[in-house]
Amino acid sequence: MQTHSEQNQEVTTPLYLNGSTPSKSTDASLCDSLQCYMVLNRTEKAAISSICFIAGPVTFLENILVLLVIASSTTLRRRPSYLFISSLALADTFASCFFTFAFLDFHVYNQRDGPNIYLFKLGGVTMAFTGSVGSLLLTALDRYLCIYKPSNYKVQNQV
């Protein structure tokens, strides 16, 4: 007959993908080497890598196209809405590059970088997505002002 503490220990013992359970000495070293975050099996790696290899470059090219269209038209460059949209496109360009590279490098290719490179990749992804959300917020604010105060908005944009 098992005691209550033995039953609780069985329930809370983690199980890794290879079916093993960690020992007290290897559990800390496993997470220190970031091995505990590599959770994809072979099929998932193939599916996610194919999605990333298709969606990453397509997203990059779409955002570059938006930037080129806005940069080539002088009338679009003068409007603040398109300035915010170009800021969003630039941030999304960086986000697609950083995220695709960092995600594939870590989860698919199991690349283990040093702490400085890892933090640079993580900071790049965080910076790009923060810039993207900030640009989206400015675009939403611009659209709000355009809809709810159209007379003030048009006067300010024609100056």
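I started at D105, which counts as buried at 12% relative accessibility. Buried here means under 20% relative accessible area, exposed over 50%, and partly exposed in between (1.4 Å probe, protein chains only).

This is a predicted model, where local features need pLDDT of at least 70, side-chain atom pairs count only at pLDDT 80 or more, and totals for chains, interfaces and linings use all residues. Residues are numbered from 1 along each chain as its sequence is written, and side-chain values use heavy atoms, with hydrogens and water left out.

**Salt bridges**

I searched the whole structure and got 2 salt bridges. The criterion was a side-chain nitrogen of Lys or Arg within 4 Å of a carboxyl oxygen of Asp or Glu.

I looked up the partner of D105 and found K121, at 2.2 Å from N to O. This pair links distant parts of the chain, with K121 in helix 6 and D105 in helix 5 (residues 80-108), 16 residues apart. Helices are DSSP runs (H or I, at least four residues), numbered from the N terminus. K121 is buried too, with a relative accessible area of 12%.

I then took R143, which forms a salt bridge with D142; their closest N and O atoms are 3.2 Å apart. R143 is partly exposed at 36% relative accessible area, whereas D142 is buried at 7%. I noted the general point that side chains of opposite charge can pair when their charged atoms come close.

**D142**

I placed D142 in helix 6 (residues 115-148). Which side chain does D142 join in a polar contact of 2.5 Å? I found S81. A polar contact is a pair of N or O atoms within 3.5 Å; within protein, one must be able to donate a hydrogen and the other to accept it, and residues adjacent in sequence count only if both atoms are side-chain atoms.

I set aside neighbours within four places in sequence and listed the contacts of D142 (heavy atoms within 4.5 Å). They are P80, S81, F84 and Y153.

**Cysteines**

I counted 0 disulfides (a pair of cysteine sulfur atoms within 2.5 Å). I checked C52, which is buried at 11% relative accessible area. C97 is partly exposed at 37%.

**UniProt spans**

I looked up the unreviewed UniProt entry, which lists residues 47-70, 82-104 and 116-141 as "transmembrane region". Such annotations may be inferred rather than shown by experiment.

I found residues 47-70 to be 100% helix and 0% strand, with end C-alpha atoms 35 Å apart. Residues 116-141 are also 100% helix and 0% strand, and their end C-alpha atoms lie 37 Å apart.

Terms used: Helices (H or I, at least four residues) and strands (E, at least two) are DSSP runs, numbered from the N terminus.
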